[in-house]
Amino acid sequence: MKCRKCGNEAVINMRQHKLALCDEHFLEWVPEQTQRFIEKYKMFTRDERILVAVSGGKDSLSLWDILLRLDYKADGLYIGLGVEGGADYSNQSHEMCVKFLENFNPPKEWGASSQISNFNVTADEGPQTANTQYLIPKLHVVDIGKLYGETVPEVASRTMRGRDKPCSVCGLIKRHVMNRVARDGGYDVLATGHNLDDEVAVLFGNTLTWNAGYLVRQAPVLPADKPGLARKVKPFCRFYERETAAYALVRGIEYIYDECPYAEGSTSIEHKELLNQMEKDRPGTKLQFYLNFLRAREQGLFADAERATRVELNTCEKCGQPTSAPGLCAFCRLWERHGDAAPT
Ligand code: AMP
Ligand code: FES
Ligand code: ZN
Ligand code: ZN
């Protein structure tokens, strides 16, 4: 298979785009496409400050890499969940994020002054001050166990909100911490590395149950819930997982291969397998499913659901984040029975 642009040996063949590319042209194509998606969905501009949630996986680290190469002001946030299973999952993923920053080679255009020799890894212990030196990206690290006294599996097991599987508590905690760091650090945008396979699996699950409330809130850009909060964006939502994996590999980004051990056997993994089977028979199925959904959504297919599920948001008495119920938000309630007041 030859590269469509130069005729050299291709490293990837993207059947859904009828496009094969060599390593050099693939490394150009992915950032170009990312920039196209950022503009198409009006995700952010070069004046805004972006917080990239990095898990140590291929998607989020590639996303951070590309945003920096595209000259965006992007800092990273790693949340230490305290998951020890697998190959010491949390510690390994933390290490990958730190390594990424140590090894990141700034593009030549940045000039000598921007070398990341003095890269900055901070352990967040509370509110952050804004980082103004955008050419030297910074990694915020929030260790849940250290900051709140219990790791994610521990709090899940204590609160019974997932004794066997801490995944829903984990999602709640991650969302809260991402919002907090974005708010306290003065970031305009929170970017996650969700790829097309992730988005399509969620879409498939929500379509099977016709969960209109969730469907209406699935989009490449979610406006901030309240003024002062960051909007949420998914710049990789149109890339297949194999494309982001190939990007990380060709670019030489080290990442954690394993999924979180608790993800094993989850419905979203089952849905991914089903969708991959369909994609194999008909290349482009996943992309079409997603793009046609976005089109239908834009045309107002879920407008009624949007109105029906819209709730007046309150402000949590403790942490100040938006919450549907008055009083404490679900995150603060998690730590309530833990005795002493946990920091927000
Ligand atoms: P997942 O839910 O594990 O598929 O992750 C989806 C996205 O959430 C990733 O691409 C990251 O952007 C973000 N994310 C997941 N885990 C973490 C973490 N421990 N710290 C920071 N961001 C995370
Ligand atoms: Fe949160 Fe696995 S990543 S439970
Ligand atoms: Zn080429
Ligand atoms: Zn709260």
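**Exercise 1. What spacing do the donors of the zinc ion (ligand 4) follow along the chain?**

Solution. The structure is a predicted model, in which local features need pLDDT of at least 70, side-chain atom pairs count only at pLDDT 80 or more, and totals for chains, interfaces and linings use all residues. Residues are numbered from 1 along each chain as its sequence is written, chains are lettered from A and ligands numbered from 1 in the order in which they are written, and side-chain values use heavy atoms, with hydrogens and water left out.

Step 1. Identify the donors, which are N, O and S atoms within 2.8 Å of the metal (3.2 Å for Na, K and Ca); water is not among the atoms, so sites may look incomplete. For the zinc ion (ligand 4), the coordinating atoms are the SG atoms of Cys316, Cys319, Cys329 and Cys332, at 2.3 Å.

Step 2. Read the donors along the chain: their spacing is C-x2-C-x9-C-x2-C.

Step 3. Assign the geometry. Four donors count as tetrahedral if all angles lie between 85 and 135 degrees; four count as square planar and six as octahedral if opposite donors are over 155 degrees apart and all others between 65 and 115; anything else is irregular. The angles among the four donor atoms of ligand 4 are 105 to 113°, and the site is tetrahedral.

Step 4. Consider exposure, where buried means under 20% relative accessible area, exposed over 50% and partly exposed in between (1.4 Å probe, protein chains only). Cys329 and Cys332 are both buried.

Step 5. Locate a contact of the fold with this site. Arg180 belongs to helix α6; helices (H or I, at least four residues) and strands (E, at least two) are DSSP runs, numbered from the N terminus. Although 139 residues separate Arg180 from Cys319 along the chain, their C-alpha atoms are 8.7 Å apart. Arg180 is buried because its relative accessible area is 3%.

**Exercise 2. Determine which residues coordinate the zinc ion (ligand 3), and why the arrangement is tetrahedral.**

Solution. 

Step 1. List the donors: Cys3, Cys6 and Cys22 each coordinate through SG and His25 through ND1, at 2.1 to 2.3 Å.

Step 2. Examine the angles. The arrangement is tetrahedral because the four donor atoms subtend angles of 99 to 113° around the zinc ion (ligand 3).

Step 3. Along the chain, the donors of ligand 3 follow C-x2-C-x15-C-x2-H.

**Exercise 3. Describe the surroundings of ligand 1.**

Solution. 

Step 1. Define the shell: a residue is near a molecule or strand if one of its heavy atoms lies within 4 Å of it. Ligand 1 is surrounded by 13 residues, of which Ala53, Val54, Leu77, Ile79 and Gly193 are the closest.

Step 2. Sort the shell by class. Ala, Val, Leu, Ile, Met, Phe, Trp, Tyr, Cys and Pro count as nonpolar, Asp, Glu, Lys and Arg as charged, and the others, Gly among them, as polar. The shell holds seven nonpolar, five polar and one charged residues.

Step 3. Trace the elements. Both β4 (73–80) and α6 (167–184) supply at least two shell residues, and β4 gives the largest share, three residues.

Step 4. Find the polar pairs. Nitrogen atoms of ligand 1 lie 3.3 Å from a polar backbone atom of Val54 and 2.9 Å from one of Ile79. An oxygen atom of ligand 1 is 2.9 Å from a polar backbone atom of Gly193.

Step 5. Taken alone, ligand 1 exposes 480 Å², and the protein buries 77% of that. Accessible areas come from the Shrake-Rupley method with a 1.4 Å probe; for residues, only the protein chains shown count as cover.

**Exercise 4. Is Lys42 buried or exposed, and in which loop is it found?**

Solution. 

Step 1. Lys42 is found in the loop between α1 (23–40) and β3.

Step 2. Lys42 is exposed because its relative accessible area is 69%.

Step 3. Inspect the backbone: Lys42 is not a glycine, yet has a positive phi of about 50°.

How values were computed
A polar contact is a pair of N or O atoms within 3.5 Å; within protein, one must be able to donate a hydrogen and the other to accept it, and residues adjacent in sequence count only if both atoms are side-chain atoms.
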